[in-house]
Amino acid sequence: MCLAVPGRILEIEERDGTLMSVVDFGGVRKDVCLQYIPDAEVGQYVVVHVGFAIQRLDEASAVRTLAEFERLGVLAEEFADGFESAARQAGVSEPSRNGEVHT
């Protein structure tokens, strides 16, 4: 599933000519591109979709949405390791990223 998830900007920096940030999603921190919202500031909440901040969001709405996503288990699913999720769905107990399969 690919959701647009609210998060709070912790850091902003330019990396190789691209405006990037570290965003906190209720305890999970991810790198996020700010090119669509270049005037965003540390401390603001943004809605992030596939690694890009696509709009600002007020703090109350962001906190309420994160709490609801957490309650529904959406955050764990959204930020889970893709290899582990695929392995669980396939019935494999120990996935390997080098092509070996452990059962």
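Strand S1 (residues 5-15) and strand S4 (residues 45-49) run antiparallel and are joined by 4 bridges. Strands here are DSSP runs marked E of at least two residues, helices are runs marked H or I of at least four residues, and both are numbered from the N terminus; two strands pair if DSSP finds at least two bridges between them. One of the links involves Gly 7, whose bridge partner in S4 is Val 46. S1 is also joined to S2, again running antiparallel, by 7 bridges. Here Glu 13 has Met 20 of S2 as its bridge partner.

A word on the source: this is a predicted model, in which local features need pLDDT of at least 70 and side-chain atom pairs count only at pLDDT 80 or more, while totals for chains, interfaces and linings use all residues. Residues are numbered from 1 along each chain as its sequence is written, and side-chain values use heavy atoms, with hydrogens and water left out.

Stepping back to the whole chain, the protein has 3 helices and 7 strands. Read from the N terminus, the elements go β-β-β-β-β-α-α-α-β-β. Of its 103 residues, 30% count as buried, where buried means under 20% relative accessible area, exposed means over 50%, and partly exposed lies in between (1.4 Å probe, protein chains only). The accessible surface comes to about 6,600 Å², and 49% of that belongs to carbon and sulfur atoms; these areas come from the Shrake-Rupley method with a 1.4 Å probe, and for residues only the protein chains shown count as cover. As for contacts (heavy atoms within 4.5 Å), 36% of those between residues at least 6 apart in sequence join residues at least 24 apart.

Back to the hairpin of S1 and S2. There are 2 residues between the strands, and Asp 16 takes a positive phi near 50 degrees, although Asp 16 is not a glycine. Asp 16 sits in the loop between S1 and S2 and, at 83% relative accessibility, counts as exposed.

Because its relative accessible area is 18%, Asp 24 counts as buried. Leaving out residues up to four places away in sequence, Asp 24 touches Gly 7, Arg 8, Leu 10 and Arg 29. The side chain of Asp 24 also reaches the backbone nitrogen of Gly 27 at 3.1 Å. The C-alpha atoms of Asp 24 and Glu 11 are separated by 9.7 Å, with the two residues 13 apart along the chain.

What about the nonpolar residues? The largest nonpolar core holds 16 residues, and Val 5, Ile 9, Phe 25, Val 32, Leu 34, Val 46 and Ala 53 touch the most other members. Such a core is a set of buried Ala, Val, Leu, Ile, Met, Phe, Trp, Tyr and Cys residues joined through side-chain atoms within 4.5 Å. S1, S2, S4, helix H1 (59-72) and helix H2 (74-78) each supply at least two residues of this core, and S2 gives the most, with 3 residues. Setting aside neighbours within four places in sequence, Val 32 is in contact with Leu 19, Met 20, Ser 21, Val 23, Phe 25, Val 48, Gly 51, Phe 52 and Ala 53.

Finally, the structure holds 1 aromatic pair. Tyr 36 and Phe 52 form this pair, which is tilted, with 5.4 Å centre to centre and 35 degrees between the planes. Rings of Phe, Tyr and Trp (its six-membered ring) pair if their centres lie within 6.5 Å; planes under 30 degrees apart count as stacked, over 60 as edge-to-face and the rest as tilted. Tyr 36 lies in the loop between strand S3 (28-33) and S4, and Phe 52 in strand S5 (residues 52-57), so the pair ties together parts that are 16 residues apart in sequence. Tyr 36 counts as exposed at 59% relative accessibility, whereas Phe 52 is partly exposed at 31%.

Notes
Polar contact = N/O pair within 3.5 Å; in protein donor to acceptor, adjacent residues only side chain to side chain.
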